[in-house]
Amino acid sequence: MSHSRLCLLSALLLCCVFETSFLTIDALLVTGFSACRPDQIEALVQFKEEFDSRGCNHNDYVSGVRCNNVTGAVKKLHLPSGCLSGTLKANSSLFRLQHLRYLNLSNNDFTSSPLPSGFGNLNRLEVLFLSSNGFVGQVPSSFSKLSQLSLLDLSWNELTGDFPQPLGNRSKLTRLSLSDNEFSGALDPNNSLFGLHNLRGLSLAYNYFTTSSSSFFSGFEKLNRLEILFLAFNDFHGQITSSISNLTQLSILGLDDNRLTGSILPLQSLTNLSVLGLVDNNFTGPLPSYILTMPFMSYLDLRGNHFTGPIEVSNSSLSSSRLEHLLLGYNQFEGQILDTVSKLTTLIDIDLSFLNISYPIDFRVFSSSLKSLLKLDLSGSAEVLVSSSVNILDLSLNCFEGAMPILSLSIKILGARYNHFTGNIPLSICSRSSSLEVLDLAYNNVTGAIPQCLSNLRVVKLRKNNLEGSLPDMFSVGATLRTLDVGYNQLTGKLPRSLLNCSFIKFISVDNNRIEDTFPFWLKASRDLQVLTLSSNRFFGHIAPLDQGPLGFPQLRILEVSDNNFTGNLPANYFVNWKAPSLKTNIFGRMYMTDYENGDFADEDTIDLRYKGLHMEQQMALTSYTTIDFSGNKLEGQIPESVGLLKTLIALNLSNNAFTGHIPMSLSNVSKLESLDLSRNQLTGTIPNGLGSLSFLAFIDVSYNQLKGEIPQGTQFNGQAESSFEGNAGLCGLPLQESCFHPSVPPMQHPNQEEEEEEEEEEEGVGLNWKVVAIGYAPGVLLGFVIGQVVASYKPEWLVKIIGTNILRTR
């Protein structure tokens with residue numbers, strides 16, 4: 001290759017790959033490019049140019065390349081996450097790097113790309129990571145040429161078909177992950193999977209695989225070198241047979257969320273097990289005595305089965321246990337199982353939720369024996385107290401009565417909602433305020449005033465109690481408060497101005513109290529505020545700034561001020577500063593608002609929502625929608641046209657005010673709108689036809705206004721109740737009984753009718769096809785309310801470590 005060609009390639013590399021003035025020749029030497037042949041550099045540059053690479057950290061792109069010092073061929077390519085976006089084509093320059101031994105393209109955006117057959121050209125590959133790329137379709141036959149593979153990760157894509165035959169009989173393959181795809185079919189004993197005799201790690205989780213007979217594990221016994229086996233979230237059924245005893249090397253076994261039945265006795269021979277997950281199956285019978293004392297067992301999760309009877313293990317055996325995580329919730333155990341559990345001295349995490357424990361427990365035993373305990377979940381059980389070493393205590397959903405227990409000094413999180421605790425919030429909580437971060441006493445019968453000492457917490461939830469007095473003006477500069485929910489109490493006074501010191505505040509709910517104050521415009525300095533609910537208090541005055549500019553609050557998603565005494569007009573630009581929130585999950589894969597997140601505890605917020613004519617409580621507020629409720633005030637003037645900018649608005653309630661003018665045409669742009677209530681105002685004009693194009697709109701109420709003309713026809717309107725349009729003397733058409741035809745106009749026109757009359761009729765919008773319009777409609781769905789529970793499905797932390805993903809799905 002000529003010197004000029006080499007110079008051109010060097011310039012191209014600097015310009016197109018790095019796009020930075022900080023790259024030097026020394027940097028090239030450090031990253032290994034000095035050893036790369038020009039044709040290999042050219043292929044790397046062209047490969048990058050095939051995609052939108054604006055997401056690339058260009059220094060990372062360089063540092064992920066290694067070339068052979070002798071041959072100059074690229075032997076390793078590790079792309080930074082999120083670097084490339086586009087379609088990976090069969091003729092990509094990537095497949096010219098035929099000496100690659102290590103290739104990692106994971107976490108890029110090749111959405112809707114099939115796996116190219118060109119991978120078969122890279123037949124020297126030993127390690128291939130293709131997870132989280134959006135690949136679709138089946139694994140191509142060319143993968144059979146990758147005979148040197150020792151590790152293959154195709155997880156978190158949308159691949160389909162049976163277990164890929166091209167992957168079978170790979171004698172060097174030791175690690176294989178096909179998890180989180182759409183593979184299906186029965187794994188019979190003759191499947192090519194069971195020819196991978198050297199496998200050490202296998203994950204088929206989150207697919208649709210099933211068994212070919214009632215004997216689960218038939219065929220898996222051939223993979224007797226397996227150390228890690230993860231088959232969770234499939235459709236495997238049947239009983240675990242004795243053939244599993246052949247897998248003597250297993251240390252991690254995950255069978256969660258299948259349809260397995262019978263006993264787990266055959267697992268006794270797997271003496272190397274350290275992690276066992278059997279969550280949400282149909283296992284029955286007493287818990288085998290050996291299970292708690294297996295020599296290496298540290299994580300045991302048996303939740304959501306039908307285990308019964310007492311847990312009987314000798315004290316001598318328990319003393320040698322290495323268990324750290326014991327999760328037994330949602331079973332039917334009997335007897336005083338805590339006596340057994342308290343002897344497992346290495347435990348740091350215990351879940352005994354919903355086991356109907358109904359006997360008094362002496363937690364002094366826990367204090368003395370379980371010195372390492374950090375989390376105790378007894379939700380759904382009965383009488384309990386507190387262990388001195390617990391950091392996280394969840395007593396929710398019980399029937400506890402009387403005063404709150406005295407907390408230990410180590411407590412960071414106390415969840416005690418839905419009980420019958422009475423009396424004042426104990427002052428002992430104040431002595432724990434230096435360590436306590438989350439206090440949730442919602443839905444109890446706590447009385448008295450709110451202590452000033454709660455100012456140091458991140459989350460304060462006292463909803464639906466009987467608290468009195470005013471909210472203390474207690475927050476100092478630098479306060480870490482993110483959630484304050486004191487709704488449904490008997491609080492008076494004003495909102496504390498010291499909330500301005502809470503620079504991280506996201507959620508404020510004071511609804512259904514007796515607070516008397518003006519609208520808190522001063523809170524717009526809280527740049528992260530997302531939810532503000534002031535409903536059913538005694539707030540008064542204007543809710544528009546005095547300068548008649550936009551409202552502010554750029555992150556606000558839910559604003560509920562109904563049933564107060566607000567007055568005045570809303571300017572046309574009232575909503576222009578609101579940003580449309582994007583649909584996103586938090587770090588644990590949930591789409592709900594939460595202000596305290598860790599792997600053991602998730603605190604999720606509650607709002608009251610007037611939706612589709614109903615008043616409902618939403619236990620988990622989604623991060624992805626906007627709702628506005630100004631109903632039951634004395635607001636006047638026109639509805640702001642800027643409401644049409646709220647693209648994620650799902651519910652708008654302006655009823656029971658004194659709004660005038662027309663229904664804004666811009667509402668036709670609010671494509672996610674599901675519930676619209678404009679009833680009991682003084683609106684005039686016609687109902688915009690554009691509302692009929694809102695495919696999610698399932699509830700409309702414009703009753704008791706001064707509207708006129710024909711009700712627009714279409715599925716969004718014809719399915720509404722007649723009461724949604726009553727009280728408007730000028731409205732006609734379905735679903736009202738009032739026809740839009742003048743009595744003097746015959747139902748059929750004669751051929752000799754003049755053209756002028758025909759044109760006039762068209763201009764007035766009078767039509768005959770209303771008689772044949774179908775009555776059914778397709779209601780919009782409040783999507784987050786329905787699928788939220790599914791998205792919150794459980795995926796334990798050890799699974800994350802197994803399959804190498806940072807997403808944790810909790811139960």
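Predicted model: local features only at pLDDT ≥ 70, side-chain atom pairs only at ≥ 80, totals over all residues.
**Pairing, burial and backbone in this model**

Me: Which residues form the covered and uncovered faces of strand β7, and which residue is the bridge partner of Gly137?

Reply: Leu159 and Gly161 make up the covered face of β7 (residues 158–161), whereas Glu158 and Thr160 make up the uncovered one. In a regular strand the side chains alternate between the two faces of the sheet. Leu159 in β7 is the bridge partner of Gly137, and two bridges join β5 (residues 136–137) to β7, the two running parallel.

Me: Why are β26 and β34 said to stand at the edges?

Reply: The open sheet has five strands in the order β26-β28-β30-β32-β34, with parallel pairing. β26 (401–402) and β34 (490–492) each have a single partner strand, so one side of each is left without a neighbour in the sheet. For β34 that pairing can be followed in detail, since β32 (residues 466–470) and β34 pair in the parallel sense over three bridges, with Glu468 opposite Gln490 in β34.

Me: How do you know whether Ser142 is buried or exposed, and what of Ser317?

Reply: Buried means under 20% relative accessible area, exposed over 50%, and partly exposed in between, with a 1.4 Å probe and protein chains only. Ser142 has 9% relative accessibility and therefore counts as buried, whereas Ser317, at 27%, counts as partly exposed. Ser142 is found in the loop between β5 and β6 (151–153), and, leaving aside its neighbours within four places in sequence, it is in contact (heavy atoms within 4.5 Å) with Pro116, Ser117 and Gly120. Ser317 is found in helix α5 (residues 315–318).

Me: What makes the phi of Tyr443 and that of Asp257 worth a remark?

Reply: Most residues other than glycine have a negative phi, and most peptide bonds are trans. Tyr443 has a positive phi of about 65 degrees although it is not a glycine, and the phi of Asp257 is near 50 degrees, also a positive value. Tyr443 is found in the loop between β29 (438–440) and β30 (445–448) and, at 10% relative accessibility, counts as buried. Asp257 is in the loop between β15 (252–254) and β16 (259–262) and, at 23%, is partly exposed.

Me: What makes a set of residues a nonpolar core, and which members of the largest one touch the most others?

Reply: A nonpolar core is a set of buried Ala, Val, Leu, Ile, Met, Phe, Trp, Tyr and Cys residues joined through side-chain atoms within 4.5 Å. The largest has 189 residues, of which Leu94, Phe119, Leu253 and Phe630 touch the most other members. The largest share by element, five residues, comes from α3. Apart from this core lies another, of six residues, among them Val531, Ile558, Tyr625 and Ile650. Leaving aside neighbours within four places in sequence, the contacts of Phe119 include Leu88, Leu94, Phe95 and Phe143.

Technical notes: Residues numbered from 1 in each chain as written. Heavy atoms only, no water.
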